[in-house]
Amino acid sequence: MNPKQTLMAAIFAGIGASLCCVAPLLLLSLGIGGAWVATLTAFEPLRPIFLGLAALFIGLSFRKLHLISPACETGKPCAEEDVIRKQRFIFWGVTLPLIGLLAFPWIAPFFY
């Protein structure tokens, strides 16, 4: 898997992990309500699985972008330092909010 695929997988796993907690809050703050919003809490037992998947894919992306030097031929986009710098910027731009989203159930009680 390339870094883009593992990062996308981490994003989807993070969204899955936050369905039980963040999604109802977000929907209610947008004015979307109803009894079906409460059914999103049914995802709570699956949250540890999604947390593990998100951590796995974030780790794989980090490993690919920061620990392993790219094995590319000269002239390919993956060999250019500018492209690698942009990929790392996108990685951290996605990973930091994703970590906040995953930690939301633990930090939310401090805000109210």
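**Aromatic rings and their surroundings**

Guide: Tryptophan 92 has a relative accessible area of 36%, so it is partly exposed. Buried means under 20% relative accessible area, exposed over 50%, and partly exposed in between (1.4 Å probe, protein chains only). This is a predicted model, in which local features need pLDDT of at least 70 and side-chain atom pairs count only at pLDDT 80 or more, while totals for chains, interfaces and linings use all residues. Residues are numbered from 1 along each chain as its sequence is written, and side-chain values use heavy atoms, with hydrogens and water left out.

Visitor: How many aromatic pairs does the structure hold?

Guide: Rings of Phe, Tyr and Trp (its six-membered ring) pair if their centres lie within 6.5 Å; planes under 30 degrees apart count as stacked, over 60 as edge-to-face and the rest as tilted. The structure holds three such pairs. One of them, phenylalanine 62 with phenylalanine 91, is tilted, at 6.3 Å centre to centre and 45° between the planes.

Visitor: Is phenylalanine 91 buried or exposed?

Guide: Phenylalanine 91 counts as buried, at 1% relative accessibility. Phenylalanine 91 also pairs edge-to-face with tryptophan 92, at 4.9 Å centre to centre and 80° between the planes. Phe62, Phe91 and Trp92 form one aromatic cluster.
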